Amino acid sequence: MKQKTRSRIRTTVLFLTCLAVLGMGNGNPATRVGATTCTEAWDNWLSAEWGYMSARWSYFYGSPESCDSQCGHFLPHDPTGFADCVSECNADRLAALGAAEITMFSAAEMTCEPLQVDECDHAQLTYESCLNTYINAQWQSPEEYDAVLATYTACVTASKIDMCR
């Protein structure tokens, strides 16, 4: 059963990665979704980042409820069903994390033109905030570190600092 679950997880992650590449227009700014202002683009990214963080907390920390607890409510006296439920719950949470990452990067790729100097000042401040928030922390596993690194990368993209340099 574990091999079947791992295969399902690999297939799901591969599928979501393909969607990400296709959905972001292969980095071509002409195919990205545009925002009216850089503030709107940043607000959209913050919203998507919250969804990603919620999915990350759910997968890595079992918040607000662990898969063990969630499955225990429904299958308290069925060890085989319980194990299958926990395995499927973890796979679903990993798939949700992948989908949230796609949404987060799509929001980060929203284009805008910083027309005023204060928008570039804002971009610099948000870029520095990205560094302080995501780079200098400790994470429980290399897998979680990769998930946080994805958030950092999306944060830097969403800051639009590259448009001001």
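Why does Ser159 count as buried?

Tutor: Happy to look with you, keeping in mind that this is a predicted model. Ser159 counts as buried because its relative accessibility is 4%, and the cut-off for buried is under 20%. Ser159 sits in helix α6, which covers residues 142-159. Setting aside residues up to four places away in sequence, Ser159 touches Trp42, Ala123, Thr126 and Tyr127.

The protein chain has six helices and zero strands, giving the pattern α-α-α-α-α-α along the sequence. Of its 165 residues, 35% are buried. If you take the contacts between residues at least 6 apart in sequence, 80% of them join residues at least 24 apart.

The largest nonpolar core has 26 residues, and Trp45, Tyr52 and Met104 have the most contacts inside it. Two or more residues come from each of α2 (38-61), α4 (79-108), α5 (117-134) and α6. The helix that gives the most to this core is α6, with eight residues.

Beyond its neighbours within four places in sequence, Trp45 is in contact with Met104, Ala107, Ala108, Tyr134, Thr151, Ala154, Cys155 and Ala158.

Definitions and conventions. Residues numbered from 1 in each chain as written. Predicted model: local features only at pLDDT ≥ 70, side-chain atom pairs only at ≥ 80, totals over all residues. Heavy atoms only, no water. Helix = DSSP H or I, 4+ residues; strand = E, 2+ residues; numbered from the N terminus. Buried < 20%, exposed > 50% of the residue type's maximum accessible area, 1.4 Å probe, protein only. Contact = heavy atoms within 4.5 Å. Core = buried A, V, L, I, M, F, W, Y, C linked by side-chain atoms within 4.5 Å.
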